[in-house]
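Student: Hi! Could you walk me through this structure, bit by bit?
Tutor: Happy to. Ask whatever comes to mind.

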Amino acid sequence: MEFNTAGLISLQDALDKMHGHIASKAPPEAESVPLTAAAGRITAAPVRSPVFVPPFDNSAMDGYAVRCADLHDGAVLPVAGKAFAGAPFNGEWPAGSCIRIMTGAPVPQGADAVIMQEQAEVSDAGVRFTADVQPGQNIRLIGDDIKQGDSVLAKGVRLGAAELPLLASLGIEQVEVFKPLKVAIFSTGDELQPVGTPLQEGQIYDTNRFAVRLMLEQMGCAVLDLGIIRDDPQALRHAFEQADDYADLVISSGGVSVGEADYTKKMLDELGEIGFWKLAIKPGKPFAFGKLKNAWFCGLPGNPVSAALTFYQMVQPFIAGLSGYSSWSLPPRFKAKAVTPFNKSPGRLDFQRGIFTTSATGELEVHSTGHQGSHVFSSFSQANCFVVLERERDRVAAGEWVDVEPFNALLRG
């Protein structure tokens, strides 16, 4: 594995390098799970229908099942019986009569059209139809939606509220899915304290590990949380070795900036092949990626916003690829008019936090959440999108058009 660490590299170049390694990796192991336990899992093979949908010819309307040969101008057909969903008509059907039928009911044998009740005049003598009739009208044929053996879901599809009811409607009880990705996480730094612990002078709460764990759980990963690792070479080595023994992917936060804890880089070089990159993005310039003995490794910056951004833009798609998710992508970007100015200097692709809305005239607008410092995590709680400002762009004035990328469920679940 080779890493070019000189100078700033673009976000796309970094993503391309990371995803180039996924292609050479064997797919995750698969397992069969009950449909009731499959939410959020990813299909390990195409899912094929064991049945026809619909399973029989049925009526698309409330009305009357007829044989077109019985119809002639002004004919009045007596009603020979009724057909309901779950209660089909199975009696004798004399020639020159019709069957009252409800939506979803099996079409009686011999019927070749269903006439909606709005096109029927009912009297004591029977039913007279007031519209022209075409053979096959208002009949949903067996297998019209899905044929037995059809592929209903491809490999690599995440199972959610749109997919699982479909499988349930086909009577599928078990589904083949990839096993969850195992991810080990820890933070580094003597200044960090777990949430809920009183802070002493110079200490801060470990926001990064808390946020990363939440995002990993939303992605369906099995998480090993190793906590906070102090700035001690032996403790850090033990954490890396323990994480590498357990995980498919190891994620740390802190200790990847230039000048921070030189032994961290030295240790990672001993344990694997790690590239420390300077990304041409803001926030989130320092980032580490590579391979330990067994697991992949991603090192996030220490600042909370930088850690969340690099996880969202870089680690999230990498996890999706490792997990076997074939159709994953970030939400598309679109143009919106800046309502407020956005401060920026040329040099790095900038992901500022914003709030997009639709104006009274239907125009998309976006305004800033305010201070965009990499320590201001509240900007995420207020925002619903990234305002993506091009690498060489300068300050944005109100009224200019900008690219907006809405948050996906990872930040707006």
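Student: Is Cys 98 buried or exposed?
Tutor: Cys 98 is buried, at 0% relative accessibility. Buried stands for under 20% relative accessible area, exposed for over 50%, and partly exposed for what lies in between, with a 1.4 Å probe and protein chains only.

Student: Before I go on, what kind of model is this?
Tutor: This is a predicted model, where local features need pLDDT of at least 70, side-chain atom pairs count only at pLDDT 80 or more, and totals for chains, interfaces and linings use all residues. Residues are numbered from 1 along each chain as its sequence is written, and side-chain values use heavy atoms, with hydrogens and water left out.

Student: Back to the cysteines. How many disulfides are there?
Tutor: The search of the whole structure finds 0. A disulfide here is a pair of cysteine sulfur atoms within 2.5 Å.

Student: New topic: how is the chain divided?
Tutor: There are domain 1 (9-28 + 178-321), domain 2 (32-50 + 147-176), domain 3 (56-138) and domain 4 (332-404). The bounds come from an automatic or database domain assignment.

Student: How far apart are domain 2 and domain 4?
Tutor: Their C-alpha centres lie 39 Å apart.

Student: How many aromatic pairs turn up?
Tutor: A search of the whole structure finds 15. Take Trp 296 and Phe 318: their ring centres are 5.8 Å apart and their planes are at 85°, so this pair is edge-to-face. As for the terms, rings of Phe, Tyr and Trp (its six-membered ring) pair if their centres lie within 6.5 Å; planes under 30 degrees apart count as stacked, over 60 as edge-to-face and the rest as tilted.

Student: Which parts does the pair of Trp 296 and Phe 318 tie together?
Tutor: Trp 296 is in strand S23 (residues 296-300) and Phe 318 is in helix H6 (residues 304-322), so the pair ties together parts 22 residues apart in sequence. Helices (H or I, at least four residues) and strands (E, at least two) are DSSP runs, numbered from the N terminus. Trp 296 is buried at 7% relative accessibility, and Phe 318 is buried at 0%.

Student: What about Phe 351 and Phe 386?
Tutor: They form an edge-to-face aromatic pair, 5.7 Å centre to centre with 80° between the planes. Phe 351 sits in strand S25 (residues 349-358) and Phe 386 in strand S27 (residues 385-389), so parts 35 residues apart in sequence are tied together. Phe 351 is buried at 0% relative accessibility, and Phe 386 has a relative accessible area of 0% and is buried as well.

Student: Which residues form the aromatic cluster with Trp 296?
Tutor: Trp 277, Phe 287, Phe 289 and Phe 318 are in one cluster with Trp 296.

Student: Let's do charges. How many salt bridges are found?
Tutor: The whole structure has 15. A salt bridge means a side-chain nitrogen of Lys or Arg within 4 Å of a carboxyl oxygen of Asp or Glu.

Student: What is there between Glu 217 and Arg 213?
Tutor: A salt bridge, with the closest N and O atoms 3.0 Å apart. Glu 217 and Arg 213 are 4 residues apart in helix H3 (residues 207-218), about one helical turn. Glu 217 is partly exposed at 42% relative accessibility, and Arg 213 is partly exposed at 31%. Both belong to a network of salt bridges that also links Asp 206, Arg 209 and Asp 225.

Student: And are Asp 70 and Arg 67 buried or exposed?
Tutor: Both are buried, and their side chains meet in a salt bridge of 3.2 Å, N to O.

Student: Last one: what do Glu 400 and Arg 393 do?
Tutor: Their side chains meet in a salt bridge, 3.0 Å from N to O. Glu 400 is partly exposed at 30% relative accessibility, whereas Arg 393 is buried, with a relative accessible area of 17%.
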